[in-house]
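Biologist: Could you walk me through the labels used for this model? I'd like to hear what stands behind each one.

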Amino acid sequence: MTLGEFIISNQKAFKYSSGELSRLINSIRLAAKVVNHEIRKAGLVDITGAAGDINIQGEAQQKLDVLANDLFKQTLINREIVCGIASEEEDDYVIVEGQNKTNDNKYVLLMDPLDGSSNIDVNVSVGTIFSIYRRVSPIGTPVTKEDFLQKGSEQVAAGYVAYGTSTMLVFTTGNGVNGFTLNPAIGTFYLSHPNIKFPEIGKIYSVSEGYFTHFQEGMKRFLVHCKELNKEDNRPYTARYIGSLVTDFHRNMLKGGVYIYPATAITPNGKLRLLYECNPMAFICEQAGGKASDGFTRILDIKPSELHQRVPFYCGSKQLVQKAERFMSEFSAEEKPYYDMVSNNDNTH
Ligand code: P6P
């Protein structure tokens, strides 16, 4: 089955959708193919050096970062499907108005257009991450920041493109997770991984252990636990860390494992962004039977307060995430990150 056939056959499952969500997924498919083409030739064309600009994250923008951001943004704008876009590469959200200067579209899209881009120059896999919400502001009016600051539990769709040994589009619309692999010869995505489920028990842990000295006590104890010999508990576990969230997550979802980017003394809220990295990956993770938290609180329950907000991120096989959370609550409960946890029910529409 091709991605196009899958979308048509699941149209009715796209709740609330009058075909707009299908068209939105289709536009992501097109942009993913174009970005994939640019990435595959990056080593041959001098577009992998830093673009010279510094983005809001304070990081040197790789040219492919900029290119991927512009390609996804332009594709979405041209098709007039969304009323607004937020991106890791954009300081603020982008208002999308139709030809007739209206905002009749009902979705907003948030994205990390090229996550792990620092790996590009060394030929390591990278990814695109996207998250889709129905707007909460009135249709026909300009999109507002509140449309982007919804809790992750309000997402209608989320997914990623993994530019690895093959290029895969993996997404959910709230009815499970499906993976599609690109046949580059004909430019078609085929359903290769239907109904993906996280193995309940895994033995892979993905953590940037170079920061061990800066980790909280609970995190240090969890890592020591992962390395101890205990045959009944299948330990020592296996360390696998690529430094590319999409790739580490994808491998762990297929084989069983946990990805953790915790709070550190240097980055007290971790490194990953809530809106366009953690929320979409958490939605996919839960739809595949996994668990995602900040070490204490479910990611999808966190009420965002700003576009580029960071949160600690624990995500993967339920049993491993729960084990890490137990260490955090036993040894680091007083160091819980603080968020605006007001359950803002009037946000749900
Ligand atoms: P570190 C890439 O920049 C990223 O956002 C994730 O894809 C990756 O898991 C993490 O940061 C790597 O961070 O600090 O280990 O280099």
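Modeller: Gladly! Contact means heavy atoms within 4.5 Å, while axes are lines fitted to C-alpha atoms, for helices over the stretch in contact, with angles from 0 to 180 degrees between N-to-C directions. Helices (H or I, at least four residues) and strands (E, at least two) are DSSP runs, numbered from the N terminus. This is a predicted model, where local features need pLDDT of at least 70 and side-chain atom pairs count only at 80 or more, while totals for chains, interfaces and linings use all residues. Residues are numbered from 1 along each chain as its sequence is written, and side-chain values use heavy atoms, leaving out hydrogens and water.

Biologist: Which strands does helix 4 lie across?

Modeller: Helix 4 (residues 217-227) lies across strand 11, strand 13 (257-261) and strand 15 (313-316), at about 140° to strand 11.

Biologist: What makes strand 11 and strand 12 a pair?

Modeller: Pairing takes at least two DSSP bridges. Strand 11 (residues 204-207) and strand 12 run parallel and are joined by 2 bridges, so they pair. I204 has T238 of strand 12 as its bridge partner.

Biologist: Why are strand 12 and strand 14 at the edges?

Modeller: The open sheet of 5 strands has mixed pairing and the order 12-11-13-15-14. Strand 12 (238-239) and strand 14 (291-293) each have a single partner strand, so one side of each lacks a neighbour in the sheet.

Biologist: Why is the pair of F212 and F215 called edge-to-face?

Modeller: Rings of Phe, Tyr and Trp (its six-membered ring) pair with centres within 6.5 Å; planes under 30 degrees apart are stacked, over 60 edge-to-face, the rest tilted. For F212 and F215 the centres are 6.5 Å apart and the planes at 65°, so the pair is edge-to-face.
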